[in-house]
Amino acid sequence: MKRNIEKYKPAVPGSLLVLMAGAAWVCVGLMLLFSAGMWLYAASPETSPYAFAAVGFVLALLVHHFGFLRIVDGNLRRILPADGKKCLFSFVPWKSYLLIVFMVILGLLLRYSPIPRPYLAVCYIAIGLALVLSSIRYMRVFFREIRKA
């Protein structure tokens, strides 16, 4: 029975899981940055959109360095040592899928909250840029794995 189920599992090499993780982080990060950019572009000049963007940029560097790089390294330690192929959806641990659902719901609640858009843009820039910066490590490891193979 288990053998029959294993036969239909979408399995891919670990290097492809690394690429998928990096691509997911880049896509989500760019989406957040695009939303933040639109909000700051639509903001009135009196709100000083450049100041909000600068604060978001500084926060992004902190989130990237002290938060997301640890998550990336943990994911890489989990994905790379495995020999053979792994399930297509294992580029993220199963517990992280719950965290992703929570973050999507929180993002929707914030987006439709009465909080002014320039302040939300700071959060979106901080998380979005940190995701993009952290995804660079995934991409470096992916290209290193491709060169090895």
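Contact here means heavy atoms within 4.5 Å. The model is predicted, so local features need pLDDT of at least 70 and side-chain atom pairs count only at pLDDT 80 or more, while totals for chains, interfaces and linings use all residues. Residues are numbered from 1 along each chain as its sequence is written, and side-chain values use heavy atoms, without hydrogens and water.

**Helices H2 and H3**
- In H2 (residues 14–42), Gly14, Leu17, Val18, Trp25 and Leu40 meet Pro49, Phe52, Ala53, Phe68, Ile71, Val72, Asn75, Leu76 and Ile79 in H3.
- By class, this contact has 12 nonpolar, two polar and no charged residues (Ala, Val, Leu, Ile, Met, Phe, Trp, Tyr, Cys and Pro count as nonpolar, Asp, Glu, Lys and Arg as charged, and the others, Gly among them, as polar).
- The axes of H2 and H3 (residues 49–79) come within 13 Å and cross at roughly 165°; axes are lines fitted to C-alpha atoms over the stretch in contact, with angles from 0 to 180 degrees between N-to-C directions.
- H2 and H3 are therefore roughly antiparallel (over 145 degrees).

**Val122**
- Val122 lies in helix H5 (residues 117–148) and is buried, at 10% relative accessible area (buried means under 20%, with a 1.4 Å probe and protein chains only).
- Beyond its neighbours within four places in sequence, Val122 contacts Phe52, Val55, Gly56 and Leu59.
- Leu40 is 82 residues from Val122 in sequence, with 9.3 Å between their C-alpha atoms.

**Whole chain**
- Five helices and two strands make up the secondary structure (DSSP runs: helices H or I, at least four residues; strands E, at least two; numbered from the N terminus).
- Buried residues are 33% of the 149 residues.

Terms used. Angles under 35 degrees count as roughly parallel, over 145 as roughly antiparallel, 65 to 115 as roughly perpendicular and the rest as oblique. Buried means under 20% relative accessible area, exposed over 50%, partly exposed in between (1.4 Å probe, protein chains only).
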